[in-house]
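Dear colleague,

Please find the structure below, together with its sequence. My notes on what was found in it follow directly after.

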Amino acid sequence: MPYPQNLETALAVEDIIRREGCIPAHIAVMNGQVKVGREDLECLAKAGVNARKTSRRDLALVVSQGEIGATTVSGTMVVAHRAGIKVFVTGGIGGVHRGGEHSMDVSADLTELGRTPVAVICAGAKSILDIGRTLEFLETQGVPVITYGNDNELPAFYTPRSGFKSVQNLNSPPACAAAIKANWDLQLGSGMVIAVPIPAKDAPESADAIEGAVVSAVMEAEKKSIRGKDITPFLLDHVKRITGGDSLKANIALVKNNARIGSRIAVALQALTNSGTDTPPAQSQSKMHLMYNTDGMKLSSKSKRPFIIGGTVLDITAKWTRETHSTRDQGVKSILGTSFPGKVLQTAGGVGRNIAEACFRTGGAPRFFSAVGADLAAQMLLDEMRQIRMDISDIQQCPGRTTAVYNAFLQHDGNLVAAVADMSVHDDIDGVKVAEAIGRDRPPLVCIDGNLTVQCMQTILDACAVYDVKALFEPTSVPKSTKIFGLTPHARNAIKYMTPDAQEMAEIRRGWLDGSRDEDGLPYMVVTMGPMGVRVLKGPVDDVPIETFEPTKVLKQCVSVSGAGDSFVGALISGLVRQDHSKEWVRADIIPSAMKAAELSLMSTRAVGEKLTPAIFDDLAR
């Protein structure tokens, strides 16, 4: 990368790393001294191609002769490992050059990855290389190559897709951090490649043009007999000239993106190991000058705002105005195939949204993550939440999608007859975004509802497990209650509370397969029993409650039951956030307060009663 773009990019990368909560440390050899930090950065940038390309082979020579050395992936890994740095961000790794089966031109980066335990976050192997043979070589060296994202296609530096597959994909920083830590704990002695695809908006428009430029550059290098360490700079410069500078722009963009993702992985790794950056061994410091703060990566202070992730729905409720002779004498089946007079209401709903509103109204100040379409229903829902001053900044609008709709039919007494639900937009809720926010904010509690995909739940709960954040699972419905059995035990163990109704509880009990968990690892089951009150159990198998809470009031008639359970959960979250986290699972007066919230919603035409306020917790303040 030419000057001054190289310096500007380096400074921008430093800024990104700091904003993500890490300490940046450039590695180079300056006048014969190995430097870890940013001293003499401008001098190094101005040296550019005149600096000596320095791999493991060259380090001793460059140091002994007092030269300036720009470390390759190989050289940087050697120094990073000696300095106790576990995560290294770069543009791309070297590999087997095209025609390498004849020339034996194989980058030292690959053998270094096989013997040095540093995680390299990059955009894959440079497209000038033979990617297939590079992957084969790394497999022989025992190096796991992981794609960061939703599938395991390996990126090829300038382009997000190469046509080759990595060993596996991981789609969140906590998942990557867990793999790095396992590699370290097992003392395998090898590194790891985490390949981050260049964002689509930054990739050059024509992958074919770049491939043509690479082929042309390889032929030119062959004509000029360019070999060894000189070939990579030659090929990259040739490609840059042929593509009119588009490849340089893409190079800068992918380095910045790698820095962003790599920093998030480093923060997650720091949280997982629960310690500061390792102090380098004493013998490594003779010629290695460390300019970074060994207090390590500063993590965000814990937020007091709970996170709620789930559905936002337009509720359409049709209710008979009076009991008909048919339903009284012959039951609900007699009403099918005909119509009756009644009232139709459109209100804001969705389990996650209802829980968030109830939490908000009772003083919980939640962050609410959801997805809606780009349509009139979304506008209505968002406007309504704005009007009561809920925070809607984490609700994503998805072009081409329709907002979720729940169409319920109620008897004259408010009890549900049947409903139709279109919830497909919730598949677009971004679990990675939530996981990253969990890492930054450390919320006191994370609530997920059953509308999320299993993959989204897995990503969020992995983050909760890594950052030691308690999670609450609201099953939403009997079919969705079993989604937890599609999770790994590691993710499921992050769930400390579940809030099923009696039918959902029975389904969870039938499907509970993880019998290896001890009693301390079992979630508290807060089971809502309708007019019979609430039961609290330790785990889904034992049927003996820890506590039982009778209703404080028996309502002879209710307006609607559709949001009572959600209001209960939202108020429960507010109460859990308020409590002092003593040894007891929950203060005994929180459950009655949450039951009061449900009672107020039963008497409202809205899913969440407008009369809900923090005053329901007045007893907790005494």
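Cys22 counts as buried because its relative accessibility is 7%, where buried means under 20% relative accessible area, exposed over 50% and partly exposed in between, with a 1.4 Å probe and protein chains only. Cys398 is likewise buried, at a relative accessible area of 8%. A search of the whole structure finds zero disulfides, a disulfide being a pair of cysteine sulfur atoms within 2.5 Å.

Please note that this is a predicted model, in which local features need pLDDT of at least 70 and side-chain atom pairs count only at pLDDT 80 or more, while totals for chains, interfaces and linings use all residues. Residues are numbered from 1 along each chain as its sequence is written, and side-chain values use heavy atoms, leaving out hydrogens and water.

Five strands form an open sheet in the order S5-S6-S9-S7-S8, with parallel pairing. Here helices (H or I, at least four residues) and strands (E, at least two) are DSSP runs numbered from the N terminus, and two strands pair if DSSP finds at least two bridges between them. At the edges lie S5 (87-89) and S8 (168-170), each of which pairs on one side only.

S5 and S6 (residues 119-122) pair in the parallel sense over three bridges. Within this part of the sheet, Phe88 stands opposite Val120 in S6.

Helix H11 (residues 246-273) packs on the sheet and touches S5, S6, S7 and S9, contact meaning heavy atoms within 4.5 Å.

Yours sincerely

Key
Axes fitted to C-alpha atoms, helices over the stretch in contact; angles between N-to-C directions.
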